[in-house]
Amino acid sequence: MNIHEYQAKEILNAYGIPIPRGRVALTADQVERAAKEMGGRCVVKAQIYAGGRGKAGGVKLIHHPEQAQEYAKELFGKTLVTPQTGPEGLKVRRILVEEAVDIAREFYLSITLDRSSSRYVLIASAEGGMEIEEVASKTPEKIHTLTIDPFTGLRSYQARWIALQLGLSGSVCEDCVNLILNLYRVCLEKDCALVEINPLVVTRAGWLMAMDAKITFDDNAIFRHREYPDMMDYSQLDPLEINAGKYDLAYIKLSGSIGCLVNGAGLAMATLDVLKEYGGEPANFLDVGGGATREKVAEAFKIILQDADVKGIFVNIFGGIMRCDVIAHGIIEAAGEVNCTLPIVVRMDGSQVEEGKRLLTESGLNVQCSDNLGDAASKIVGMLG
Ligand code: ADP
Ligand code: MG
């Protein structure tokens, strides 16, 4: 789960990490008033669930409150496209107005989960800011990483090593050590998958400050934090993803033309692999989980059909906990309700498989059944030609 920059900064600040003075606004008038409060000179920042805003025109240094209002009018409702949003972009509905800080140096600092070592890893670079992707690809030696042992935690000497790698010395170096240790506390206590400060800056006056912040919470830990669901900004999510969430289904949008309905994440991965092997391009996948009901399968099917890119549907289900006839009923119900004429290939196995197949074949839908995954994949790819 993602949150906005201003929310991430509030969390960092609660852990003693300095942030610029700021105010979040929902209208252009509020932006103007906030700009006045900052004394006229300020930075106006679009709040979207993606970075790369600076280069896309979503962050601007402002000199007068009127200029802030004008720029805000332009930004509100605008769709910002950055390298992190994908081509469809994200709409701006909230704006952060911040004091303009005189920056002397910009660093990169983050803690994220490293799946291969199953540990948090601290990443830092003295060359932070908007060019960080370029630094990472052209001069990876300028990026320092440190894997954190969960048993001993992050030690202050390790944090100091990072601060020294950033080229800091004296009291700023000690401030940075504390900041890094606090960032690790944020990660643990807030169950983060990522906490990123880019740029972390040293101001001209010599203070450390988080000038941008991104936090991603671990979805599996949301139940431990009652306040998280209220922090969510639904305007930033794909409506189909929200819909799937309501029915406790996992929906992932992809770029091809075959909609995939599967049960279980492992089977979903295998299905995508096999489809690709046969030259198919998945448009999405929807995981209905273990013990789905007929209604759940029907909702899942409807969600897949709402994706305009879907030209054919591939169902790959193992009926263990879930019976194949229940799945068939769900598919028939949903397809009938929305008058689906798209080709459907169903590969299922397990309890009540014969009954499931019979129901589908007699349904009058444009459906083919198959016992074999490779055969099923080649069928759907063939039907889409
Ligand atoms: P993004 O990472 O999405 O491009 P940032 O919040 O990092 O957005 O802003 C882009 C750049 O704008 C920063 O690297 C920094 O140089 C500058 N900037 C951001 N906020 C401020 C601020 N309050 N005062 C001065 N400069 C800022
Ligand atoms: Mg940034």
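This is a predicted model: local features need pLDDT of at least 70, side-chain atom pairs count only at pLDDT 80 or more; totals for chains, interfaces and linings use all residues.
Trainee: How many helices and strands does the secondary structure of the chain come to?
Mentor: The C-alpha atoms occupy a box of roughly 75 × 50 × 40 Å along the principal axes. Within the chain, the secondary structure comes to 13 helices and 18 strands.

Trainee: Which percentage of the residues in the chain is buried?
Mentor: The chain exposes about 18100 Å², and carbon and sulfur atoms supply 50% of that area. A residue counts as buried under 20% relative accessible area. Of the 385 residues in the chain, the buried share is 49%.

Trainee: Among contacts with a separation of 6 or more, what share do residues 24 or more positions apart account for?
Mentor: A contact here requires heavy atoms within 4.5 Å. Among the contacts with a separation of 6 or more, the share from residues 24 or more positions apart is 68%.

Trainee: Are Asn198 and Asp212 buried or exposed?
Mentor: The threshold for a buried residue is under 20% relative accessible area. Asn198 has 12% relative accessibility and therefore falls under it. Asp212, at 19%, also counts as buried.

Trainee: What is the geometry of the peptide bond from Asn198 to Pro199?
Mentor: Pro199 has its place in strand 10. Most peptide bonds are trans. The bond from Asn198 to Pro199, however, has omega near 10°, and its geometry is cis.

Trainee: What percentage of the accessible area of ligand 1 does the protein cover?
Mentor: Around ligand 1 there are 18 residues, of which Lys45, Arg53, Gly54, Glu98 and Glu106 come nearest. An oxygen atom of the ligand is 2.7 Å from an N or O atom in the side chain of Lys45, and an oxygen atom is 2.8 Å from a polar backbone atom of Gly54. A polar backbone atom of Asn198 is 3.3 Å from an oxygen atom of ligand 1. On its own the ligand has 550 Å² of accessible area, of which the protein covers 88%.

Trainee: Where do the buried residues of helix 12 lie when seen down its axis?
Mentor: In helix 12 (residues 353–361), the buried residues are Val353, Gly356, Lys357, Leu359 and Leu360. Their directions fall within an arc of 160°, so they line one face of the helix.

Trainee: Which elements do the buried residues of helix 12 pack against?
Mentor: The face turned away from the buried side carries the exposed residues Glu354 and Thr361. The buried residues themselves pack against helix 11 (324–337), strand 17 (344–350) and strand 18 (367–370).

Trainee: Is Thr271 buried or exposed?
Mentor: Thr271 lies in helix 9, and a polar atom of its side chain is 2.5 Å from the backbone oxygen of Leu267. Beyond residues up to four places away in sequence, Thr271 touches Val262, Phe314 and Asn316. Its relative accessible area is 1%, so Thr271 is buried.

Trainee: How far apart in space are Ala270 and Asn316, C-alpha to C-alpha?
Mentor: Ala270 also has its place in helix 9 (residues 265–277) and is partly exposed, with a relative accessible area of 30%. Ala270 and Asn316 are 46 residues apart in sequence, and their C-alpha distance is 9.9 Å.

Trainee: What is the relative accessible area of Ala8?
Mentor: Ala8 is found in helix 1 (residues 5–14). Leaving aside neighbours within four places in sequence, Ala8 is in contact with Ile3, Ala213, Lys214 and Ile215. Ala8 is buried, and its relative accessible area is 0%.

Key: Residues are numbered from 1 along each chain as its sequence is written. Chains are lettered from A and ligands numbered from 1 in the order in which they are written. Side-chain values use heavy atoms; hydrogens and water are left out. Helices (H or I, at least four residues) and strands (E, at least two) are DSSP runs, numbered from the N terminus. Buried means under 20% relative accessible area, exposed over 50%, partly exposed in between (1.4 Å probe, protein chains only). A polar contact is a pair of N or O atoms within 3.5 Å; within protein, one must be able to donate a hydrogen and the other to accept it, and residues adjacent in sequence count only if both atoms are side-chain atoms. A residue is near a molecule or strand if one of its heavy atoms lies within 4 Å of it. Accessible areas come from the Shrake-Rupley method with a 1.4 Å probe; for residues, only the protein chains shown count as cover. The arc is that of the directions from the helix axis to the C-beta atoms.
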